[in-house]
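Please have the sequence and the 3D view open as you read.

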Amino acid sequence: MDKAQLLYLQNRVAYARDQAAYKKLYLYFHPSIYKIAAIIVRQKSLIEEIVSDVMIRIWTMENKLAYIDHLKSYLLVATRNTALTYLKKYKEDNHLDIEETCDAPVLYEMPDQQVMATELSQIIEGTVAALPPKSQMVYRLIKEEGLSYKEACGILEISQKTLEAHMSTALKKLRRVLDGYLLKKNC
């Protein structure tokens with residue numbers, strides 16, 4: 001979806017209270033918001049609650065929604081802040097349920113190339129998931145969400161030098177893990 005389409009949908013929701021436009025925005029932003037919330041809270045029920053809270057917020061903004069310049073950045077910052085608030089609240093109440101946390105990736109039997117592609121995908125996802133939270137969030141915002149360094153700095157409220165250090169940490173870890181995997185495969 002390009003910027004013009006997003007702006008059109010944003011304005012339809014803001015001024016016309018168009019539920020179809022809201023649904024399209026919801027479906028478009030859901031994966032990004034879900035990933036950011038999952039990095040912070042790692043509990044499925046809380047992640048869904050956070051996503052719902054953030055998306056309901058844009059519906060209840062009414063015409064104020066039209067004044068948001070970068071809706072994606074706004075939603076990612078709102079998600080981060082909401083997730084941190086939930087995390088703080090639930091840690092204080094000791095309500096985090098380990099059994100309900102996200103599951104690790106599952107291996108499947110497939111032809112060789114597909115197995116290798118699946119293994120690589122799982123190794124990358126597992127490595128990214130094991131990164132420190134800030135490095136993981138930086139990696140996902142830039143590599144998976146396609147944000148610029150400047151946009152990611154704004155969302156995370158960190159300097160570009162700090163962001164570069166987190167990205168360097170993430171890439172070094174990925175390189176080390178992938179080198180080990182490829183060496184093992186070639187032996």
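**Ground rules.** This is a predicted model, in which local features need pLDDT of at least 70 and side-chain atom pairs count only at pLDDT 80 or more, while totals for chains, interfaces and linings use all residues. Residues are numbered from 1 along each chain as its sequence is written, and side-chain values use heavy atoms, with hydrogens and water left out.

**Confidence.** The pLDDT is the predictor's confidence in each residue, from 0 to 100. For the protein chain its mean is 83, and 86% of the residues reach 70 or more. Over residues 96-110 the pLDDT is below 50, and this stretch has 22 contacts in the model beyond near neighbours in sequence; contact means heavy atoms within 4.5 Å. Among the elements of the chain, H1 has the highest mean pLDDT (92), and helix H5 (residues 112-130) the lowest (80). Helices here are DSSP runs (H or I, at least four residues), numbered from the N terminus.

**Helix packing.** Two helix pairs can be set side by side. Axes are lines fitted to C-alpha atoms over the stretch in contact, and angles run from 0 to 180 degrees between N-to-C directions.

| Pair | Angle | Axis separation |
|---|---|---|
| H1 (residues 3-16) and H2 | about 130° | 8 Å |
| H2 (residues 19-41) and H3 (residues 44-60) | about 140° | 8 Å |

H1 is therefore oblique to H2, and H2 is oblique to H3. Angles under 35 degrees count as roughly parallel, over 145 as roughly antiparallel, 65 to 115 as roughly perpendicular and the rest as oblique.

Which residues of H1 and H2 meet? From H1 come Leu6, Leu9, Gln10, Arg12 and Val13, and from H2 come Ala21, Tyr22, Lys24, Leu25, Tyr28 and Phe29. By class, this contact of H1 with H2 has 8 nonpolar, 1 polar and 2 charged residues. Ala, Val, Leu, Ile, Met, Phe, Trp, Tyr, Cys and Pro count as nonpolar, Asp, Glu, Lys and Arg as charged, and the others, Gly among them, as polar.

On the H3 side, H2 residues including Tyr26, His30 and Tyr34 meet H3 residues including Leu46, Ile50 and Trp59. The contact of H2 with H3 has 17 nonpolar, 3 polar and 2 charged residues.

**A closer look at leucine 46.** Leucine 46 lies in helix H3. Is it buried or exposed? Leucine 46 is buried, at a relative accessible area of 4%; buried means under 20%, exposed over 50%, and partly exposed in between (1.4 Å probe, protein chains only).

How values were computed:
Helices (H or I, at least four residues) and strands (E, at least two) are DSSP runs, numbered from the N terminus.
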